[in-house]
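Subject: The structure we talked about

Hello,

Please find the structure below, followed by some notes on what turned up in it.

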Amino acid sequence: MPNRDDELLKRLLATFKIEAQEHIETIASGLVELEQASTETLRKSVLDSIFRSAHSLKGAARAVNMMDIEALCQSLESGFAVLKRREIIPSPELFDLFHRIVDSLGQLLASIDSPAPTTARPRVSDLTRALTGILTGKPSVTPSTLSETPTEDPALSELEPVRTGDEEKRTVVDTIRVSTAKLDAVLLQTEEMLSVTQAAAQHAAQLRQLSKAPSEWRKKWIRIRPDVRMLQKSPSESGDRLPQLARLNEFLDWSGDFIETLETDLAELSQMATRDQRAVTSMVDNLLDDMKKVVMQPFSTLLDILPRMVRELSREQGKEVELSIQGGDIEIDRRILEEMKDPLIHLARNCVDHGIETPTERVSLGKAARGTITFSISARNGSNVELLVIDDGRGIRADKVRAAAGKAHLLSPEKAESLADKEILPLIFQSGVSTSPIITDISGRGLGLAIVKEKVERLNGALSVTTEPGRETSFRIILPLTLARFHGVTVRVGEHLFVLPTSNVERVMRVKKEEVKTVGNRETISLRGEAVALARLCHVLGVEQKSNADMASDIFPVVILNSANQRIAFQVDEVLHEQEVLVKTLGKQLVRVRNIAGATVLGNGKVVPILNVPDLIHFAMHSGEVGTRAPAAEHQVAEAKQKSILVAEDSITSRTLLKNILEAAGYRVETSVDGVDAFTKLRSGDFDLVVSDVDMPRMNGFGLTAKIRGDKRFVDLPVILVTALDSREDREHGIDVGASAYIVKGSFDQSNLLEVIRRSL
Amino acid sequence: MKKQVCTFTLDDMLFGVDVPVIQEVLRPQTMTRVPLAPSVVRGLINLRGQILTAIDLRERLGLPPTPADISGMNLVVRLPDETVSFLVDDVGEVLDLSEDQFEESPVTLHRSISDVTSGVYKLKDRLLLLLNVTAAATLPAERN
């Protein structure tokens, strides 16, 4: 996965550079023209054109995570906007500054290939501050929040966690800098050694088996020996022994000795193999443990971004929040930390947005005006850490979740009423369940938590929530300390083997046929008095349950799997064993295959798919597979119908990015360069969804949406507006003209967009 | 400009792959099927601990399924970001071809084939279709 993303990012950057160069040239020449413009009409048209270029470049920069460029374009854009509104008369100093900004843009662009040291890079905050100064008539006033921090590029500071000062450089004794790529490669190779130890174990076991074979021979030999003796002693009719018999006797004696020697040799060899296997296993284990410690990093490297974010968010919303972080020094696999970045941001936003009340509300409830959010990390045992995110806000009201789940058609109203509050709560992790009134981007308990759940589960972690309405909400995340190596239970279905992550296996048990009860239209089994839905793994996976012996048996094994507080019993044909396995990712052709998380190689060299338990549970619950005998082939066909998406976006970088992301997600994509183009294509093609930028020439996203809604053929066509404009009015404007969703352009990561598309289709 | 191309056959048609991208050629391997995978993916194979996706090139090109009497060969190809195995009927010889034998794919070629070939070489008595390995390893959106 990261490889594919890197590849895409590289290609995007190449496209971006070309596009950015064009915009920079337009702005540079436009500025010169503007300064000399003699008529008002000319002035206006030049301003419009450079404003658009600055705006497009901002969007494109955002798409490829070029934050410095984005920030500079933002300030250019606001500068041009002031000029358009004719609020100030442009001074030569202002033009100088504009040109300096454009020069800096060029430098930043050039530094993409060969990153210059931070010191040599243009001081973005100085430029933007200077511009704000001129525009507001108050030179050199420090603008609030954003530019207070001296490093403009957070991405950069993350890449270089180790700061080497000059003094350190001279006295380097026990620290060296090694690129993370090199370290990861070494770690991967070390992990590969695991398959060697597995093979060694397998071979040792085979040898042990083999060394038992001669004793089998001896038993038979002992039984037949009296007969042989008799033959040897009995004289033949002629009184002489046959020479052939004598030779046979000789051979038999020799064979006995020979096999005895063989037995001793085999026993010795088997002992040696067992000894070697133990030695190799312990060496590899130690090596792997040490190697993993090398790539571990403390949680604080990730949590350090939170205080500022929480402060800004709470300030925006007029809330008072104290953030407390405990256990930041606990170390965890760097790769897990990276994956957890988005989930933690979502959780923090969630706490501020939905958890903590306004100070007045809190005081009237008898609470302290200042709310508290706690991130607390603790080591649970040698292999897991627990992360608690607690806010002392209003808690989650089960009735609201119930209503939202009903609205998202996840539950029938009757079903929703029948579930206890405890069972309702996990629904907040379902995408589409939001207690928020309008669809916006990623804030809230709608999408954010679904993303958190997905990420945590992908890391083989677990996530749960408890709440006390009016008092607190607590999210509990269990994460493995390290990635890639984990325990799995191998099961057989028909002739196929699969591995299930042990962390998701609640129990393995054998069930008698008559113990299966039908409740409603579902088959269930009883687990400690509780009814658990039963599904057949062969149906969910669409594989044959071949053997007659398996079918005929009155008693069958089940594996009870759980994920996010949901559990289902899956019938399998055989549970083989539990062992440590090494997860290998699959090629890009298979990344979107449902139910499959990866694959592993067993000790005997056999490749076995690793199943994705959340997928299995989700599919079993929603396909009607639970308890019914729906043939799996039907679902496959339904799934195979590919959806097609029309993208309207004027920036080529953003367009390429969108096209790539959507195609990678399995959609058919057609692109258009503005609203007019999009509408023409829409009328001549067959599309399931439209993703449109807001700001485009000729016809913008709002116009396009209104036009689509005005055509009765497209009344139900989902339209998703993606925009750089994050303002409440625009968002409401979007909803007014009939957009299905309004998403603020994020960065390169577009999981929220994909999630919204999935919900809309 | 000479270039080396390794030939292989599919349904009696002659194809070629640039030699430098070929990692190795393997006899039929034990294949692990992946449930619900696209039909083009025949399964997973274990190549010295590395798991490779085996792509059924007949299926990818929209040709009839491999007849029972052809056991097939694995053509293991290194792409920039991954290594895949293409299942082909048989692997032939390595040819030295020159650029002036190279032409664009004829328009008469079926879309499903021309999409994954970068052109043809005109040999003495037949055409050789040059496989575009990256395109062939990228699955088209599943046909309905």
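Two residues are in contact if their C-beta atoms, placed from the backbone, lie within 7 Å. This is a predicted model, in which local features need pLDDT of at least 70 and side-chain atom pairs count only at pLDDT 80 or more, while totals for chains, interfaces and linings use all residues. Residues are numbered from 1 along each chain as its sequence is written, and chains are lettered from A and ligands numbered from 1 in the order in which they are written.

Where the chains meet, chain B gives 23 residues to the contact and chain A gives 32. On the side of chain B that touches chain A, β4(B) provides the largest share, with 4 residues. Strands, like helices, are DSSP runs numbered from the N terminus (strands: E, at least two residues; helices: H or I, at least four).

In chain A, helix α4 covers residues 92–110, and its 19 residues, at 1.5 Å a residue, should span 27 Å, which agrees with the 27 Å between its end C-alpha atoms; the expected span is 1.5 Å times one less than the number of residues. Its buried residues are A:L97, A:F98, A:I101, A:V102, A:L105 and A:L108, where buried means that 20 or more other C-beta atoms lie within 10 Å of a residue's own, exposed means 12 or fewer, and partly exposed lies in between. These residues are on the same side of α4(A), because they cover an arc of only 140 degrees around the axis, the arc being that of the directions from the helix axis to the C-beta atoms. The face turned away from this buried side carries the exposed residues A:P92, A:E93, A:D96 and A:A110.

Chain A also holds an open sheet of 5 strands with parallel pairing, in the order β20-β19-β21-β22-β23, and two strands pair if DSSP finds at least two bridges between them. The edge strands, each pairing on one side only, are β20 (668–672) and β23 (741–744) of chain A. Strand β19(A) (residues 644–648) runs parallel to β20(A) and is joined to it by 5 bridges, and A:A648 stands opposite A:S672 in β20(A).

Lastly, A:R709 lies in helix α25(A), residues 701–710, and is partly exposed because 16 other C-beta atoms lie within 10 Å. Leaving aside neighbours within four places in sequence, A:R709 is in contact with A:V715, A:V737 and A:G738.

Best wishes
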